[in-house]
Amino acid sequence: MSASSVLLPLRRLSLSTAASTSSIRAPASTRRAFSTTLRRDATWGFIGLGQMGYAMAKNLRAKIPASDTLVICDVRKEITSKFVEETRAAGVADVPGAAPGNVLSVEVAANAREVAEKSETIITSLPEPKHIKDVFHCILKRGPLPQLAQERLFIDTSTIDPASSKEVANAIHTTLTGRFVDAPMSGGVVGARAGTLSFMFGASSKSGALVERVKSVLLMMGQKVWHMGEQGTGVSAKLANNYILAINNIATAEAMNLGIRWGLNPKTLADMINSSTGRCWPSEINNPVPGVVATAPAGRDYEGGFGVSLMKKDLRLAVLAAQESGTPLELAPVAQRVYDATEEANPGKDFSVVYRYLLEKSDKAQ
Ligand code: NAD
């Protein structure tokens with residue numbers, strides 16, 4: 001069932017920035033029991049409104065029924081205030097079935113525990129394993145959460161290592177706090193804004209209802225959803241994918257640099273590669289040579305996009321997970337050295353800036 005098909009006639013709802021909130025909510029008695037479809041007057045939580053999370057939360061707010069409430073939380077207060085302001089300004093214009101003049105309910109929580117106390121579905125989008133562990137420690141440390149009409153579902157979209165993800169899942173499951181699903185994403189900030197992300201998630205297949213519920217939530221922020229297997233397999237799949245990405249990005253930068261130094265035209269070289277066996281995402285979409293792909297970060301001084309530091313993090317987590325499973329990764333140490341040196345020379349840039357690092361290295365070698 002689509003979100004719009006379960007829309008209630010819109011009640012007057014208020015936007016609140018206060019830690020304890022004043023939004024008008026439907027009485028609990030009007031709520032439906034557990035269902036895999038979207039409930040009416042439900043409360044959703046979103047923790048971590050960074051480059052990815054902010055746009056994902058915007059899409060979620062636009063797609064859930066207008067009478068639902070979204071509770072947001074980020075350690076950066078300016079970002080939650082901005083979210084509230086933008087939602088207020090947008091109003092209900094884009095929400096199917098919503099009456100003009102009403103506002104969408106967004107609440108700002110003081111901390112992660114408050115989000116979890118109020119919300120049936122809680123999404124996290126945080127940088128590193130330590131942030132996820134901190135947030136879930138905050139949620140769990142004060143004992144059981146109040147019971148809600150529907151079992152709580154925690155969906156972590158962060159890229160973290162499988163061991164950390166399983167540790168958090170275990171804490172949620174053994175305390176009967178709800179279900180914890182790892183669902184990292186691919187598609188970058190552009191995909192997050194456009195709602196075209198791909199998610200790969202790990203959740204017990206024993207519960208078909210759980211899998212369907214996860215899919216229905218993720219499809220409000222993305223276009224493709226892959227159920228990889230049991231809890232933890234989503235982050236494993238993500239790290240395998242990003243290991244290829246890390247290597248392909250360096251290989252593309254090296255090959256483009258090589259071809260250009262041989263006198264080839266960069267655009268012609270890229271076009272040939274993209275219709276041959278060397279074709280990959282860094283060559284086709286995120287080409288590292290300025291001017292080859294108009295929309296790529298290389299054309300705007302490598303601003304925006306996927307930062308070198310995030311690539312380094314994903315490589316580090318892949319190496320860690322590989323060591324834990326006794327799997328050799330021959331190219332990882334070389335790639336790590338390249339990204340370390342690239343970041344030192346070009347802090348804060350898209351990871352395709354590795355091309356500029358190689359270019360400068362080539363010039364010095366002459
Ligand atoms: P980000 O650093 O921009 O955002 C993280 C947000 O979490 C920040 O707003 C930060 O203030 C907030 N935060 C940190 N600790 C918190 C806490 N304890 N409580 C509440 N909020 C807290 O990161 P991002 O680029 O949005 O990435 C998020 C996740 O998605 C990462 O794991 C990243 O690897 C992954 N990812 C990113 C991209 C990308 O292109 N940026 C693509 C795919 C996956």
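Modeller: A polar contact here is a pair of N or O atoms within 3.5 Å; within protein, one must be able to donate a hydrogen and the other to accept it, and residues adjacent in sequence count only if both atoms are side-chain atoms. This is a predicted model, in which local features need pLDDT of at least 70 and side-chain atom pairs count only at pLDDT 80 or more, while totals for chains, interfaces and linings use all residues. Residues are numbered from 1 along each chain as its sequence is written, and side-chain values use heavy atoms, with hydrogens and water left out.

Colleague: Which polar backbone atom is 3.0 Å from an oxygen atom of the ligand?

Modeller: That atom belongs to Q51. A ligand oxygen also has a polar side-chain atom of D74 at 2.6 Å. For V75, a polar backbone atom is 3.4 Å from a nitrogen atom of the ligand.

Colleague: How much of the ligand's accessible area does the protein cover?

Modeller: The ligand on its own has 840 Å² of accessible area, and the protein covers 87% of it. Accessible areas come from the Shrake-Rupley method with a 1.4 Å probe; for residues, only the protein chains shown count as cover.

Colleague: Which elements give two or more residues to the shell?

Modeller: They are helix 4 (129-140), helix 6 (188-194) and helix 11 (308-324). Helices (H or I, at least four residues) and strands (E, at least two) are DSSP runs, numbered from the N terminus.

Colleague: And which residues come nearest to the ligand?

Modeller: M52, D74, R76, L126 and K313 do, out of 23 residues around the ligand. A residue is near a molecule or strand if one of its heavy atoms lies within 4 Å of it. The shell divides into 11 nonpolar, eight polar and four charged residues. In that division Ala, Val, Leu, Ile, Met, Phe, Trp, Tyr, Cys and Pro count as nonpolar, Asp, Glu, Lys and Arg as charged, and the others, Gly among them, as polar.

Colleague: Why is the ligand said to lie between the two domains?

Modeller: Domain 1 (3-231) and domain 2 (237-365) both give residues to the shell, so the ligand lies between them. The domain bounds come from an automatic or database domain assignment.

Colleague: Let us turn to charges. How many salt bridges does the structure hold?

Modeller: There are 17. A salt bridge is a side-chain nitrogen of Lys or Arg within 4 Å of a carboxyl oxygen of Asp or Glu. One of them joins K58 and E86, at 2.4 Å from N to O. K58 lies in helix 1 (residues 53-63) and E86 in helix 2 (residues 77-90), so this pair ties together parts 28 residues apart in sequence.

Colleague: What does E107 pair with?

Modeller: E107 forms a salt bridge with K118, the closest N and O atoms being 3.5 Å apart. The two are 11 residues apart and link distant parts of the chain, with E107 in strand 3 (residues 105-108) and K118 in helix 3 (residues 112-118). E107 is buried at 4% relative accessibility, whereas K118 is partly exposed at 26%.

Colleague: What is the phi of D301?

Modeller: D301 has a positive phi of about 55 degrees, although it is not a glycine. Most residues other than glycine have a negative phi. D301 sits in the loop between helix 10 (281-284) and helix 11, and is partly exposed at 40% relative accessibility.

Colleague: And L176: buried or exposed?

Modeller: L176 is exposed, at 76% relative accessibility. It has a positive phi of about 55 degrees without being a glycine, and lies in the loop between helix 5 and strand 6. T177 is found in the loop between helix 5 (162-174) and strand 6 (179-182) and is buried at 12%. The side chains of T177 and T175 are joined by a polar contact of 2.6 Å.

Conventions: Buried means under 20% relative accessible area, exposed over 50%, partly exposed in between (1.4 Å probe, protein chains only).
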